[in-house]
Amino acid sequence: MSGSYDDSVGVEVSSDSFWEVGNYKRTVKRIDDGHRLCNDLMNCIHERARIEKVYAQQLTEWAKRWKQLVEKGPQYGTVERAWCAFMSEAEKVSELHLEVKGSLMNEDFEKIKNWQKEAFHKQMMGGFKETKEAEDGFRKAQKPWAKKLKEVEAAKKAYHAACKEEKLAISRETNSKADPALNPEQLKKLQDKVERSKQDVLKTKEKYEKSLKELDNATPQYMENMEQVFEQCQQFEEKRLRFFREVLLEVQKHLDLSNVASYKNIYRELEQNIKAADAVEDLRWFRTNQGPGMSMNWPQFEEWSADLNRTLSRREKKKASDGVTLTGINQTGDQVSQPNKHSSLSVQSNTVQSVQSSYNPFEDEEDTGSTVSEKEDNKIKNVSSYEKNQGYPTDWSDEESNNPFSSTDANGDTNPFDEDTSPAMEVRVRALYDYEGQEQDELSFKAGDELTKMENEDEQGWCKGRLDNGQVGLYPANYVEPIQ
């Protein structure tokens, strides 16, 4: 009998109480939920670690990109250093977030994984040992009481059936008395049935009360045994809850960079770099290195020289180098030089004599900076079609149309000393590869983009073109192909 006992068969659950038969299963399920919650917490920490890694990578990429843009851009002096301090801050913060990622995965994640392995022991047939022990404990504690409960339910059912039968017998007897066609023998049978029904009611009631009393007597022991097993489950769950609290506090410490000394130093240093920016100092530097403070070899009387002052023919001029370095400009000893910014000067010229005396102080900073490469010399020649159609004369004048400070010359792309050249035939081309412009005068495009080639390839392999948005600049000739 005991071997085939099932505590959930034949018993109707009347409430949601823990004491009802089978309702201990929620407590048992909590053990399996604890294992699943360990997995959920590990997944949560793993995703956060991945976010920290991606954020660190994005900070590094952002800092690298903008550091190059600022260093190559027109900003100078102490404000440039203050600007670049933001990129240094990003690089340092990126390192800290990579450390956070490492702490989350190497410490917190692994700690949960190891605790889960020690707390939950898998069985060969599936499930966990702790779950089975709790299940068996509750079943054993509930089995005697559940058996008596089934007896009570059976006695209750029999009693209620007897009461129903008694009521039915009485009703039939009452109706037969009013029926004149019913003989005395039949009436006697109905009266005997009523009597037997009353006796059955008394017997079933007595049995029902007896089984209920036995159940009441077994209830205290039942409650004690169930409490004991439940307390064991509570202790197991308490370990998990305390462990989770401990891990979450460690995660909080790893994520909270406000308590990290190096993190505070980063922003303290950033603030100092920004406050060190001095507009007066920057203006003084620009005046000395790019403004009226620069030295100048003013025109002086020079003796005639057959080697230096002869006029080059047009054919000789084409064969000559496109750029001639000015050697006659010197700087005084009190001038302040800026690192990574311009140290010598070169422009295109028709004659050596004009090179020595026609230095244009109104050129853009990029064109008057470090010794200009042949590609940059080609940029000076390649004026946009719009600018070429302005018809600038070769002689400088004070008129508005020829003023180097006008909007058409503001970017330093037009040299008033260049010879007029006829524009080349424009051709539509398609990009073969992605190209990211490295200089301000270069175009950027993606493979498959279409643009207009405005001038043919020069000796250095560069072409001048125009994007569909109107931007004009240089690009490598071998990066495009003509559109058929």
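## Surface patch and salt bridges

At 36% relative accessibility, Arg48 counts as partly exposed. Buried means under 20% relative accessible area, exposed means over 50%, and partly exposed lies in between (1.4 Å probe, protein chains only). The model is predicted: local features need pLDDT of at least 70, and side-chain atom pairs count only at pLDDT 80 or more, while totals for chains, interfaces and linings use all residues. Residues are numbered from 1 along each chain as its sequence is written, and side-chain values use heavy atoms, with hydrogens and water left out.

**Salt bridges**

Side chains of opposite charge can pair when their charged atoms come close. Here a salt bridge is a side-chain nitrogen of Lys or Arg within 4 Å of a carboxyl oxygen of Asp or Glu. The whole structure holds 18 of them.

| Pair | Closest N and O atoms |
|---|---|
| Glu52 and Arg48 | 2.9 Å |
| Arg26 and Asp16 | 3.1 Å |

Take Arg26 and Asp16. Arg26 sits in helix α1 and Asp16 in the segment before α1, so this pair ties together parts 10 residues apart in sequence. Helices (H or I, at least four residues) and strands (E, at least two) are DSSP runs, numbered from the N terminus. Arg26 is partly exposed at 44%. Asp16 is exposed at 58%.

Glu52 and Arg48 both belong to helix α1. They are four residues apart, which means a separation of about one helical turn. Glu52 is buried, with a relative accessible area of 6%, whereas Arg48 is partly exposed.

Now the strands. Glu450 lies in β4 (residues 450–455) and Arg430 in β3 (residues 427–431), so the pair links parts 20 residues apart in sequence. Relative accessible area is 34% for Glu450 and 28% for Arg430. Both residues also belong to a network: salt bridges with shared partners join Arg428, Arg430, Glu450 and Asp468.

**Nonpolar patch**

Trp62, Trp66, Leu69, Trp83, Phe86 and Ile274 form a nonpolar patch on the surface, with about 540 Å² of accessible area together. Two elements give two or more residues to this patch: α1 (25–72) and α2 (77–119). The largest share, three residues, comes from α1. Leu69 is placed in helix α1 and is partly exposed at 42%.

Patches are made of residues with over 30% relative accessible area and no salt bridge; like charges are joined within 9 Å, nonpolar side chains (Val, Leu, Ile, Met, Phe, Trp, Tyr) within 5 Å. Accessible areas come from the Shrake-Rupley method with a 1.4 Å probe, and for residues only the protein chains shown count as cover.
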